[in-house]
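Q: Hi, I have a structure open and would like to talk it through. Can you help me read it?

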4 protein chains.
Amino acid sequence: MTPRDADTLVMARPERGAIALDRRALPAIGPDDALIRVRRAGICGTDLHIVSWNAWAAGSYVPPVALGHEFCGEVVERGRDVTRLEPGDLVCAETHIACGTCSQCRRNRRHTCLDLRVFSKLGRGCFAEYTVVPQQALRRVPPAISLDRAAVMEPFGIALRAVMEADLRVESFFVVGCGPTGLFAVAAARALGAGRIIAADPLPFRRDLALAVGADAAIDPQAGAYDRQVAALTQGEGVAVALDTSGHPPAIRDALACLSPGGTMFLIGLPSKDVAFDLARQVVLRETSLRGLYGRRIDETWMAAEKLLASPSLRIEPILTHHFPLAAFDEAFATAQSGQAGKVLFRFD
Amino acid sequence: MTPRDADTLVMARPERGAIALDRRALPAIGPDDALIRVRRAGICGTDLHIVSWNAWAAGSYVPPVALGHEFCGEVVERGRDVTRLEPGDLVCAETHIACGTCSQCRRNRRHTCLDLRVFSKLGRGCFAEYTVVPQQALRRVPPAISLDRAAVMEPFGIALRAVMEADLRVESFFVVGCGPTGLFAVAAARALGAGRIIAADPLPFRRDLALAVGADAAIDPQAGAYDRQVAALTQGEGVAVALDTSGHPPAIRDALACLSPGGTMFLIGLPSKDVAFDLARQVVLRETSLRGLYGRRIDETWMAAEKLLASPSLRIEPILTHHFPLAAFDEAFATAQSGQAGKVLFRFD
Amino acid sequence: MTPRDADTLVMARPERGAIALDRRALPAIGPDDALIRVRRAGICGTDLHIVSWNAWAAGSYVPPVALGHEFCGEVVERGRDVTRLEPGDLVCAETHIACGTCSQCRRNRRHTCLDLRVFSKLGRGCFAEYTVVPQQALRRVPPAISLDRAAVMEPFGIALRAVMEADLRVESFFVVGCGPTGLFAVAAARALGAGRIIAADPLPFRRDLALAVGADAAIDPQAGAYDRQVAALTQGEGVAVALDTSGHPPAIRDALACLSPGGTMFLIGLPSKDVAFDLARQVVLRETSLRGLYGRRIDETWMAAEKLLASPSLRIEPILTHHFPLAAFDEAFATAQSGQAGKVLFRFD
Amino acid sequence: MTPRDADTLVMARPERGAIALDRRALPAIGPDDALIRVRRAGICGTDLHIVSWNAWAAGSYVPPVALGHEFCGEVVERGRDVTRLEPGDLVCAETHIACGTCSQCRRNRRHTCLDLRVFSKLGRGCFAEYTVVPQQALRRVPPAISLDRAAVMEPFGIALRAVMEADLRVESFFVVGCGPTGLFAVAAARALGAGRIIAADPLPFRRDLALAVGADAAIDPQAGAYDRQVAALTQGEGVAVALDTSGHPPAIRDALACLSPGGTMFLIGLPSKDVAFDLARQVVLRETSLRGLYGRRIDETWMAAEKLLASPSLRIEPILTHHFPLAAFDEAFATAQSGQAGKVLFRFD
């Protein structure tokens, strides 16, 4: 029996914290859709922005908004044209859906497709017992991957993307911001042969998590400028690669000064205002680079994530700090916002 | 008979325009040095900064300063340990001299050597009948290369470096600033298979030079923001690669917005103050990159420059707009600063 | 009025030269198909193999075989799900159709898709007034590209692929075999900034074509071993890159010896028997590489071909030596096999 | 007091096994030389070839030959121009000494320098209490590296070179031949994030070592063709990268068939005769590559080796199976040739 409706967590009104469980009718299962019974779902920074109803959220969404886009679950039913999946398959979702024909897609840059559709804008949500997902977004989960790991494939992927682009083998790596993305980057870098890994975060809880998943040192911005702290930890050499996940302008500017000549800083965090750089001294004369990263290469990053998440050499379990049932959504969101958490997951049994 | 002294153009005192020809004793020829009779020498932006005695020059040099570092000339005499050159050889100079043993050199990044010595700081100058140069800086000029081309090997090299790093084959290219470096970049990009080339400069004289050496279009900042002009010239696509040679903050910021998603902006120009960017919208979400470039890869860039300057498919002669005898140094510098010149050369007969 | 049948050139029986024009019913236009009125179609080496009915053809095809897969034409009618094309559009075809979901496709290697479908095996042919083509294979031709150039997009693409993989900028290039693929490679290399280009072919007619489209020298195997001839033309240095389009074992082995240390030989030609190499001396100690190439990267190569074929800096017209009406198929095939031709095209008016 | 002579192991006469300890005068310490007290020295395959006096050795050396080139030791005395080292420094040697000015060196390919000098041809040897080494070959050993690890920097480097060129992160890797080079490659690949690692060797002792340093499986050629065994271990996918260290023609040919489309086989082993390939089926149509590797990139590989050998994440100790005093040279060589050893070291106390 196909369910017709499902408890779904929604941002009900355009005001801070206006979330509630809603028994909603499921959308019709289109020919290219699959109905998914959700097993695990993770709270993303995007969800936190929506629930806080900040300026970005107000400019991007119209309530009611079904929340959640990081998940794994089982195929329950499938549309007419769904040929690659079977009922019972465990799946997760590459939430970026490319058109396949624009100039970016033709260049094999599907992740910056000019007509990109994003699951979180389809009005479906995954903080729900069931959800409906286009086949094109779904990926079967390899058997060696646990439910918890499958649930974080998507956010792990963006961190892995940075690590894969960087080629950190034997190289030093500086990760700014130890939220889930920064922590996943530390863990991936450790598994993929990085040299010295230094993480930075103002919160001791997060610094401890960074050390638990492979950082060699975890520094506190209150202990002094990053460039002096990093110099002290690298015999004055600086790092080959930095990654900003914080979006915090002073941190970004300071991290740039930690690079050795020829080094690269990858940027994933989204600063809410302009960031000013001393390009002459910090970029041109020292030949450094700043590289923005958005999403995952489709499907290279996902394939790499499948392989790495199936491997015992990757250590991410300490990052998955909390599990809640959907009914405890208030506590789950409060935990995710507390600074005393890594990735917070909903568990559906 | 080895000359003992030589007319040499020097910045005599720490004040704007204080240049004069000085009959100076040549430095002793050390075991690793060669005495060079200069044949052609080019005025670089660095020379203009010194002669204008701006803040950067005042912070970097102590008068008297022997001017000039771009040149070609003939080997007249050589020190005891100079084995790779013969008297009569035509040579030019890679003015960056690397230590060979620091961590940057060991990474094959000699151009950002941590102990880099620079010819222009050795007190020798090439706006002179004769000069003394360390063997390590000298490169024999292949026979197919004219004196004029040999004289610009060094500044051409920095432009070529950007073009080689970029891989512009069939790709669109936006060059900001049509001084000699920007013009050399246009010419190199055209010879190396670039797609559409768009140049920008406020001065009509320079825009005309850009068109003469291969730009498809040359735009004026006064005609509107770069991003709108470039969009109109690229069917809305933007460019894959931009190169800033201007160091002008508004131009750099505007050029960044001309990139297609995934595009790269190379930076050679040295901004005199901080430049602020909307990293979220222009860099992270669109996956663009900013890459500083300094100098030439040693010796890959020089080898590539030798091959390209020996080829008739490269068209740079329109850039070499003026030749002066050394005695006309006042006119030469005035011309170089006028905005009505490309590269200005001293010719020694 | 949609045509129901069309004159189509077929290999009628499994015997050498058994080709004939057949008035055949067109296949039904499926939901993803477009009916195309052919404007130009080129004879490929594959067509010659089929018509000669050699061992490879006999093992790969079952007569009757509709011939031809290189073409351009106009969309006449389209199936229900064809959304990206309009009647009247000029199109050509990327004849390799990838599944999109296998491990090679997920790695962005669609051209070596594990379930690759090839137009030439669909039983449709393009040596015909009309043909029916899956939308996925069709690409709209940019307006700046002539009918003749549009017709050779596919074979030009494989040559361009090699040139793009190689990065020949300022580097020397040795092309073995001056059939259409080798000649297209010479032309593309010249347009994309190659240094010295040396071509080789036993036939004077083809060597002349190579010189006409940009080779600096064209050598004859009967004049001596390639390695000695190439050494003489490169001051003893050898070449950085070689490309074999001949599939001729002695030529391949000899070309390998023409490489400088660190050089690469790309292989497109298909040898009909094993090729033996002195790996120790020619590959390991000199750090050379052998790289097989098959097809075009989908869709990067096609995009690059569109840009380059739209550019006047590419010179390929001398390669398109002959045009025939379809009725003159016997003469067209004889010409293509004569060694006195470049690419032979059918023209439909 | 500087020693004047030293016990040195030499190949005394041109006949199999003619090795003996010889009390020889040390060569004069030139201005660029350092006198080294040897602490550890490893037996290389080259030493085994010389001692067996096979055709290659007879064609390459003239007895008496001082044996040994892999070592670490302490600087005892230094020539006039040796500025980068101090007496007491622990050093090891990059045994390839490049000219710095040939076209290969200028391309940053010093390891294939056209005038390469090799320590093993300088007549000095390191199976000796003391030896004299040009400063240019010496590298200071970082403090975190043990004597044993320092002694194998050079042979470890060649294996690491292959792993670094390959970029094995999350990718499958097939290593053919489990002598020291193959075993080092397994260990380096494991530390640098490789996916599944499969090793092959006919000797059970060596297969066990491969498993001990990180291989997931170790296969025996007698158990069937490599391609079938590898397919069974990779769900039919094959491997992305293979490395041959055996030089055994049937093994090389068979390993090529283990690659997935687009895969690469690196070749380090030196086959003593030609190897024949089915280029059409195995290389062109499947887009595989064969890449010869010789030596280490100077100095990138050495820097990477320093970093990796200083890291506890690298596990190579099981490979260093035997230590002998120099006087037991007969037993040491017999052990190295027995097939029951990894790397055999001489220890000097």
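This is a predicted model: local features need pLDDT of at least 70, side-chain atom pairs count only at pLDDT 80 or more; totals for chains, interfaces and linings use all residues.

Q: Okay. How many salt bridges are there between chain D and chain A?
A: The count there is two. In one of them, Glu171(A) pairs with Lys307(D). Their closest N and O atoms are 3.7 Å apart.

Q: And how many residue pairs are in polar contact between chain D and chain A?
A: Four residue pairs, both residues at pLDDT 80 or more.

Q: Which three residues supply more than any other three of the area chain D buries against chain A?
A: Arg169(D), Val170(D) and Lys307(D). They supply 56% of the area on the chain D side.

Q: Switching to chains B and A. How much area do they bury between them?
A: About 3,000 Å², with 58% of it on carbon and sulfur atoms. In chain B, Leu279(B), Val284(B) and Glu287(B) lose the most area to chain A. Together they make up 20% of what that side buries.

Q: How many residues does that contact take from chain B and from chain A?
A: 38 residues from chain B and 38 residues from chain A.

Q: How many salt bridges are counted between chain B and chain A?
A: Six. Take Glu171(B) and Arg107(A): their side chains meet in a salt bridge at 2.6 Å, N to O.

Q: What about polar contact across the interface of chain B and chain A: how many residue pairs?
A: The rule finds 17, with both residues at pLDDT 80 or more. Several elements of chain B give two or more residues to the side that touches chain A. Among them are α3 (103-106), β15 (259-267) and α10 (279-284) of chain B.

Q: New topic: sheets. What is the order of the strands in the open sheet of chain A?
A: The order is β2-β1-β4, three strands with antiparallel pairing. The edge strands are β2 (19-25) and β4 (65-66) of chain A. Each of those pairs on one side only.

Q: What holds strands together in general?
A: Strands of a sheet pair through backbone hydrogen bonds, either parallel or antiparallel.

Q: How many bridges are there between β1 and β2 of chain A?
A: Seven, in the antiparallel sense. Strand β1 of chain A covers residues 5-11. Ala6(A) sits on that strand, and the bridge partner of Ala6(A) in β2(A) is Arg24(A).

Q: Which helix lies across β1 and β2 of chain A?
A: Helix α12, residues 329-336 of chain A. Helix α12 runs at about 130° to β2(A).

Q: Now chain B. Why is strand β1 of chain B largely enclosed by the rest of the structure?
A: Five of its seven residues are buried, so β1(B) is largely enclosed. Buried here means under 20% relative accessible area.

Q: Last one: chain C. How many bridges are there between β1(C) and β4(C)?
A: Two, antiparallel again. Val10(C) stands opposite Ala66(C), and Met11(C) stands opposite Val65(C). On the β2(C) side, seven bridges join that strand to β1(C). There, Thr8(C) has Asp22(C) as its bridge partner.

Q: And is β1(C) mostly covered or mostly open?
A: Mostly covered: five of its seven residues are buried.

Note on methods:
Residues are numbered from 1 along each chain as its sequence is written. Chains are lettered from A and ligands numbered from 1 in the order in which they are written. Side-chain values use heavy atoms; hydrogens and water are left out. Two strands pair if DSSP finds at least two bridges between them. Helices (H or I, at least four residues) and strands (E, at least two) are DSSP runs, numbered from the N terminus. Contact means heavy atoms within 4.5 Å. Axes are lines fitted to C-alpha atoms, for helices over the stretch in contact, and angles run from 0 to 180 degrees between N-to-C directions. Buried means under 20% relative accessible area, exposed over 50%, partly exposed in between (1.4 Å probe, protein chains only). Buried area is the accessible area (1.4 Å probe) that two parts lose on being put together, summed over both. A salt bridge is a side-chain nitrogen of Lys or Arg within 4 Å of a carboxyl oxygen of Asp or Glu. A polar contact is a pair of N or O atoms within 3.5 Å; within protein, one must be able to donate a hydrogen and the other to accept it, and residues adjacent in sequence count only if both atoms are side-chain atoms.
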